[in-house]
Amino acid sequence: EIALNAKNLELVLTTCGQIQVEDMFREVPTQLILLSIIAHLRGDLHINLELKAGYLLEAIEVVDQTDHQVQHHIKDVLQVLLECIDSASSLITPQEYNRHLKRLRWSATMLMR
């Protein structure tokens, strides 16, 4: 939470790299933290792809789009995420896309419905 509040992507990435995804989401963070994770990690997906994709996928799978704290922002955040996935797809191999971004894209698209 401190790393996210600092609005420093490098600090967020360092923190995420030190905490296993399953440990971070063992207890579901607040909806605002989930939204913030998505917003912070969606850029430059081709850099630290595996780390970012793991956190993004987990955050998308547990965020509650009907929660009053995030319901007005989630679709915009997910739309930008989808645009970032499209941008990253031209910078990575098809194997990396299939391994890391295909499921992420599907999950984000389903959540936007």
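Mentor: Let's go through the helices, the core and a couple of loop residues in turn. Keep in mind that this is a predicted model.

Trainee: Fine. At what angle do the axes of H2 and H5 cross?

Mentor: For a pair of helices, look at the axes and the angle between them. Helix H2 covers residues 9-18 and helix H5 covers residues 49-62; their axes come within 10 Å and cross at roughly 80°. Angles of 65 to 115 degrees count as roughly perpendicular, so H2 is roughly perpendicular to H5.

Trainee: Which residues of H2 and H5 meet?

Mentor: From H2 you have Leu-13, Cys-16 and Gly-17, and from H5 you have Leu-51, Lys-52 and Tyr-55. By type, the residues of that contact split into 4 nonpolar, 1 polar and 1 charged.

Trainee: Now H4. Is this helix mostly covered or mostly uncovered?

Mentor: Here the thing to check is relative accessible area, with buried meaning under 20%. Helix H4 runs over residues 31-41 and is mostly covered, since 9 of its 11 residues are buried. Among the buried ones are Ile-33, Leu-34, Leu-35, Ile-37 and Ile-38, but Gln-31, Ser-36 and His-40 are on the buried list as well.

Trainee: And how do the axes of H4 and H6 cross?

Mentor: The axes of H4 and H6 come within 9 Å and cross at roughly 25°. That angle makes H4 roughly parallel to H6, and H4 passes H6 in a left-handed crossing. On the H4 side the contact uses Leu-35, Ile-38 and Ala-39, which meet Ile-74, Val-77 and Leu-81 in H6. The residues of this contact divide into 6 nonpolar, no polar and no charged.

Trainee: How many residues does the largest nonpolar core have?

Mentor: To read a core, ask which residues make it up and which elements supply them. The largest nonpolar core here has 37 residues, and Leu-45, Leu-81 and Leu-101 have the most contacts inside it. H1 (2-5), H2, H4, H5, H6 (74-89) and H7 (94-112) each supply at least two of its residues. H6 gives the most, with 8 residues.

Trainee: Which residues is Leu-81 in contact with?

Mentor: Set aside its neighbours within four places in sequence, and Leu-81 is in contact with Ile-38, Arg-42, Leu-45, Leu-56, Ile-60, Leu-104 and Ala-108.

Trainee: Let me try Ala-88. Is it buried or exposed?

Mentor: Ala-88 is found in helix H6. It is buried, because its relative accessible area is 1%. Not counting residues up to four places away in sequence, Ala-88 touches Leu-45, His-46 and Leu-101. For a sense of distance, the C-alpha atoms of Ala-88 and Ser-107 are separated by 17 Å, with the two residues 19 apart along the chain.

Trainee: Last one, backbone angles. What is phi of Asp-44?

Mentor: Phi of Asp-44 is near 45°, a positive value in a residue other than glycine, and Asp-44 is in the loop between H4 and H5. Asn-48 is not a glycine either and has a positive phi of about 60°; its place is in the loop between H4 and H5. At 40% relative accessibility, Asn-48 counts as partly exposed.

How values were computed
Residues numbered from 1 in each chain as written. Predicted model: local features only at pLDDT ≥ 70, side-chain atom pairs only at ≥ 80, totals over all residues. Heavy atoms only, no water. Axes fitted to C-alpha atoms, helices over the stretch in contact; angles between N-to-C directions. Helix = DSSP H or I, 4+ residues; strand = E, 2+ residues; numbered from the N terminus. Parallel < 35°, antiparallel > 145°, perpendicular 65-115°, else oblique. Contact = heavy atoms within 4.5 Å. Nonpolar A, V, L, I, M, F, W, Y, C, P; charged D, E, K, R; others polar. Buried < 20%, exposed > 50% of the residue type's maximum accessible area, 1.4 Å probe, protein only. Core = buried A, V, L, I, M, F, W, Y, C linked by side-chain atoms within 4.5 Å. Left-handed = near helix turned anticlockwise from the far one by under 90°.
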